[in-house]
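Subject: Structure handover

Hello,

Here is the structure I promised to pass on. Please open it first, then read my notes below.

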Amino acid sequence: MLWRTGGMPSSHSAVVCALATATGIYEGVSSTYFVIALILALVVLRDSVGVRRASGLQAKALNNLGRQIAKITEQEFHSVKEIQGHTPLEVLVGSCLGIVIAVVIFLL
């Protein structure tokens, strides 16, 4: 369970949003560093909710198909990992959490 991916909130989203927020606060939103951090955050957010989520849904469909075929053929079936990505809500909550943490640390 410790190494499972997916779940609430998205820690990857929190980290990259905290990084982008902190960089924007300390370097300014017009700095090159902020733009790089923002692009990194957008790539990670898109990946977690898009590509990785789609592969998790595909794994679920393959497992269902594999179980049905195994039942018919009476063969042993080993399922693949299904939880790989995040729902949009998990990414949104992780992103908000990262932004809030960066702002709170800045204000301390």
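Start with Cys96. Cys96 counts as partly exposed because its relative accessibility is 40%; buried means under 20% relative accessible area, exposed means over 50%, and partly exposed lies in between, with a 1.4 Å probe and protein chains only. Cys96 sits in helix α3.

Some ground rules. This is a predicted model, where local features need pLDDT of at least 70 and side-chain atom pairs count only at pLDDT 80 or more, while totals for chains, interfaces and linings use all residues. Residues are numbered from 1 along each chain as its sequence is written, and side-chain values use heavy atoms, leaving out hydrogens and water.

Now the overall picture. The chain has three helices and zero strands. Helices (H or I, at least four residues) and strands (E, at least two) are DSSP runs, numbered from the N terminus. The order from the N terminus is α-α-α. The chain has 108 residues, and 28% of them count as buried. Its accessible surface is about 7500 Å², with 68% belonging to carbon and sulfur atoms; the areas come from the Shrake-Rupley method with a 1.4 Å probe, and for residues only the protein chains shown count as cover.

Next, the helix pair. Two packed helices are described by the angle between their axes and the distance between the axes. Helix α1 (residues 11-27) packs against helix α3 (residues 88-107) at about 35°, and their axes are 7 Å apart. Axes are lines fitted to C-alpha atoms, for helices over the stretch in contact, and angles run from 0 to 180 degrees between N-to-C directions. Residues of α1 that meet α3 include Ser13, Cys17 and Ile25, and the α3 side includes Gly94, Gly98 and Phe106. Contact means heavy atoms within 4.5 Å.

Last, the core. Which residues form the largest nonpolar core? They are Val16, Ala20, Phe34, Ala37 and Ala41. Such a core is a set of buried Ala, Val, Leu, Ile, Met, Phe, Trp, Tyr and Cys residues joined through side-chain atoms within 4.5 Å. Helices α1 and α2 (32-73) each supply at least two of its residues. The largest share, three residues, comes from α2. Ala41 touches Val16 and Ala20, not counting residues up to four places away in sequence.

Best wishes
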